[in-house]
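These are my notebook entries on a structure that I had not examined before. I record what I looked up, in the order in which I took it up.

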Amino acid sequence: FFLGSFLLKQGTKEPEAVVMVNGDVYAKYPLSENLTVEIPGKIGTNTLTIQDGEAYMAAAACPDKICMKHGKIRYNKQQIVCAPGGIVVIIENGETSELAAIVQ
């Protein structure tokens with residue numbers, strides 16, 4: 001029983017925010033840690049904040065700030081996109097949202 005539990009936990013990955021810049025993985029940050037990071041993009045620096053298991057864009061270099069208006073993300077495959085900056089943040093290994101569970 002204990003060995004099975006151990007092996008099951010080893011295969012479980014922690015939810016994380018994967019940051020991509022210009023299509024390449026820039027960094028991965030666990031949602032379990034509260035932190036603020038600066039992300040250099042094509043037109044300037046954006047600020048990503050992870051707090052209480054959610055990620056959001058706290059500041060953006062682009063004039064329209066659509067990525068900031070997106071709000072907080074935590075569910076698997078949710079994304080924040082800053083098209084002018086070439087920055088994408090996507091949640092991996094996160095919870096499945098109730099809406100996604102209904103659609104599936």
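Predicted model: local features only at pLDDT ≥ 70, side-chain atom pairs only at ≥ 80, totals over all residues.

Entry 1: partners of Arg74. I then looked up the salt bridges and counted 2 of them. One joins the side chains of Arg74 and Glu54, with 3.9 Å from N to O. Arg74 belongs to the loop between helix H2 (66-69) and E6, while Glu54 belongs to strand E5 (residues 54-59), so this pair ties together parts 20 residues apart in sequence. Glu54 is itself partly exposed, at a relative accessible area of 21%.

Another salt bridge runs from Arg74 to Glu95, where the closest N and O atoms are 3.8 Å apart. Glu95 sits in the loop between strand E7 (87-92) and helix H3 (98-103), and Arg74 in the loop between H2 and E6, so the pair connects parts that are 21 residues apart in sequence. For Glu95 I noted a relative accessibility of 47%, which counts as partly exposed. I therefore recorded Glu54, Arg74 and Glu95 as linked in a network of salt bridges.

Entry 2: the overall plan. I went back to the whole chain and listed 3 helices and 7 strands. Along the sequence these follow the pattern α-β-β-β-β-β-α-β-β-α. The protein has 104 residues, of which 31% count as buried. It exposes about 6,600 Å², and carbon and sulfur atoms supply 56% of that area. I also looked at contacts between residues at least 6 apart in sequence: 28% of them join residues at least 24 apart.

Entry 3: the sheet. Which order do the strands of the open sheet of 4 strands have? I read it as E2-E1-E7-E6, with antiparallel pairing. Strand E2 (24-30) and strand E6 (79-82) are the edge strands, each pairing on one side only. Neighbouring strands of this sheet are turned against each other by 15 degrees on average, direction ignored.

Entry 4: strand E1 and its neighbours. Strand E1 (residues 16-21) runs antiparallel to E2 and is joined to it by 6 bridges. Within this pairing, Val19 stands opposite Ala27, and Met20 has Val25 as its bridge partner. E1 and E2 form a hairpin with 2 residues between them, and in the turn Asn22 has a positive phi of about 55 degrees. E1 is also joined by 6 bridges to E7, again antiparallel, and there Ala17 faces Ile91. Of the 6 residues of E1, 5 are buried, so the strand is largely enclosed by the rest of the structure.

Entry 5: the core. How many residues has the largest nonpolar core? I noted 22, and those with the most contacts inside it are Val19, Tyr29, Leu48, Ala55, Ile87 and Val89. E1, E2, strand E3 (35-40), strand E4 (45-51), E5, E6 and E7 each supply at least two residues of this core. I looked up Leu48 in particular: leaving aside residues up to four places away in sequence, its contacts include Val19, Tyr29, Val37, Ile39, Ala55, Met57 and Val89.

Note on methods. Residues numbered from 1 in each chain as written. Heavy atoms only, no water. Buried < 20%, exposed > 50% of the residue type's maximum accessible area, 1.4 Å probe, protein only. Contact = heavy atoms within 4.5 Å. Areas by Shrake-Rupley, 256 points an atom, 1.4 Å probe, with all protein chains shown as cover. Pairing = 2+ DSSP bridges. Axes fitted to C-alpha atoms, helices over the stretch in contact; angles between N-to-C directions. Salt bridge = Lys/Arg side-chain N within 4 Å of Asp/Glu carboxyl O. Core = buried A, V, L, I, M, F, W, Y, C linked by side-chain atoms within 4.5 Å.
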